[in-house]
Amino acid sequence: MNDAVLVTGGAGFIGSHTVAALRAAGLRVVVLDDFSTGRRENLAEWTDDPQVAVVEGDVRGEVGLLLAGHGPFAAVVHLAAQTSVVRSIAAPIDDLDVNLRATTRLALWAAAAGVRRFVFASSAAVYGEPRRVPVAETEPTTPLSPYGAAKRAAELYLGCLGPLHGLRAVCLRLFNVYGPRQDPKSPYSGVVATFLARARRGEPLTIFGDGRQTRDLIYVGDVARAICLAVGAGSEGHVHRDMFSGPPEPAGINIGTGREVAIVELAAAVQRACGAGEGAIAFAPARAGEIARSAATTDRAAELLGFRAQVELDEGLRRTAAWL
Ligand code: UD2
């Protein structure tokens, strides 16, 4: 059997788009998902595809046993995670178990299984409140939430375990990802999914704080493409430099658009995408632990991966609204 790419959390929002991109690049894919937030419908397209296997299981479990017979694996894309900053504040130990312990155990298993590449979904949350916006990868990391701290700690663990065990890890620091299949129902949903669902129902959009806080909103299809490039499966005709050379720490790479969008501006764009004109907006107190501004520098992703985001916000919102 040809080598596969293991995608943990492959039935989830970013995961299922990643499966699509990896299949488009002709790779065999094995999904590991516990279906706690992932959904079988997200993988319906590949039900009869012999090049896609789906294994139900918890990434905190015995991954070697769960995946017996599905290898060998050329790469691991590790997306299974506790994804909510808010929940990490309410339940930091649960966040730690999934986002740090399980990541470290998975990396050790991958190294022992002879996997060459480990692509880790890190987060813009590692920066906390950036000193400068857009924030470069070389800026200090001072996370403000257990979520950001666990993601940063996982980067550091990969940084020392990689060279010790011959595993080449790359940490993609994802900014605010949105797009089709992002669950709009959860109280922990991302702002785009929440706003679109409310605008669709004709309900007012609730802005926490004054709405001048900014985020770098990146379309999920762009993120899936960046992940493919990190796996080495890119088809953009770009030969990327060896991103694994250099200092022991694995390359942290920002995955964003570089564009800063204020939440009030986003609210207006969402209402436009829904053809709703200007609708009602309600203001509520700012959330705890909230950062004021966020946007990525994009040079390192361009240099190391040959990646640049392509989908403009209005287009991404239209595609997401069409899916809802
Ligand atoms: C996002 C990610 C998180 C992490 C982080 C990195 C989600 C759900 N979370 O956290 O995983 O990677 O980025 O920095 O994608 N807002 C409103 N009204 C609403 C919902 C949100 O005003 O109904 C505001 C919220 O106060 C914040 C902004 O929108 O200022 C974005 O909120 P979010 O929950 O989508 O994402 P964030 O940046 O807290």
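## Ligand shell

In this predicted model, two elements, α6 (191-200) and β8 (205-208), each contribute at least two residues to the shell around the ligand. The largest contribution is that of β8, which supplies 3 residues. Among the 21 residues around the ligand, those that come nearest are Ser123, Ala125, Gly190, Val191 and Phe208.

By class, the shell around the ligand comprises 9 nonpolar, 9 polar and 3 charged residues.

To the contact between them, domain 1 gives 21 residues and domain 2 gives 16 residues.

On the side of domain 1 that touches domain 2, the elements giving two or more residues are α1 (13-24), α3 (85-90) and α7 (220-231). Of these, α3 provides the largest share, with 4 residues. The residues on this side of domain 1 divide by class into 11 nonpolar, 7 polar and 3 charged.

## Packing of helices α8 and α10

Helix α8 (residues 263-273) and helix α10 (residues 313-323) have axes that come within 9 Å and cross at roughly 50°. Because of this angle, α8 is oblique to α10. The crossing in which α8 passes α10 is right-handed.

Which residues make the contact between α8 and α10? From α8 the contact is made by Ala269, Val270 and Ala273, and from α10 by Leu313, Asp314, Leu317, Arg318 and Ala321. Sorted by class, the contact of α8 with α10 has 6 nonpolar and 2 charged residues, with no polar residues.

## Summary of the two contacts and the shell

The contact of the domains takes 21 residues from domain 1 and 16 residues from domain 2, with α3 giving the largest share on the side of domain 1. Helices α8 and α10 cross at roughly 50°, in a right-handed crossing.

Terms used
Residues numbered from 1 in each chain as written. Predicted model: local features only at pLDDT ≥ 70, side-chain atom pairs only at ≥ 80, totals over all residues. Axes fitted to C-alpha atoms, helices over the stretch in contact; angles between N-to-C directions. Parallel < 35°, antiparallel > 145°, perpendicular 65-115°, else oblique. Left-handed = near helix turned anticlockwise from the far one by under 90°. Contact = placed C-beta atoms within 7 Å. Nonpolar A, V, L, I, M, F, W, Y, C, P; charged D, E, K, R; others polar. Near = placed C-beta within 6 Å.
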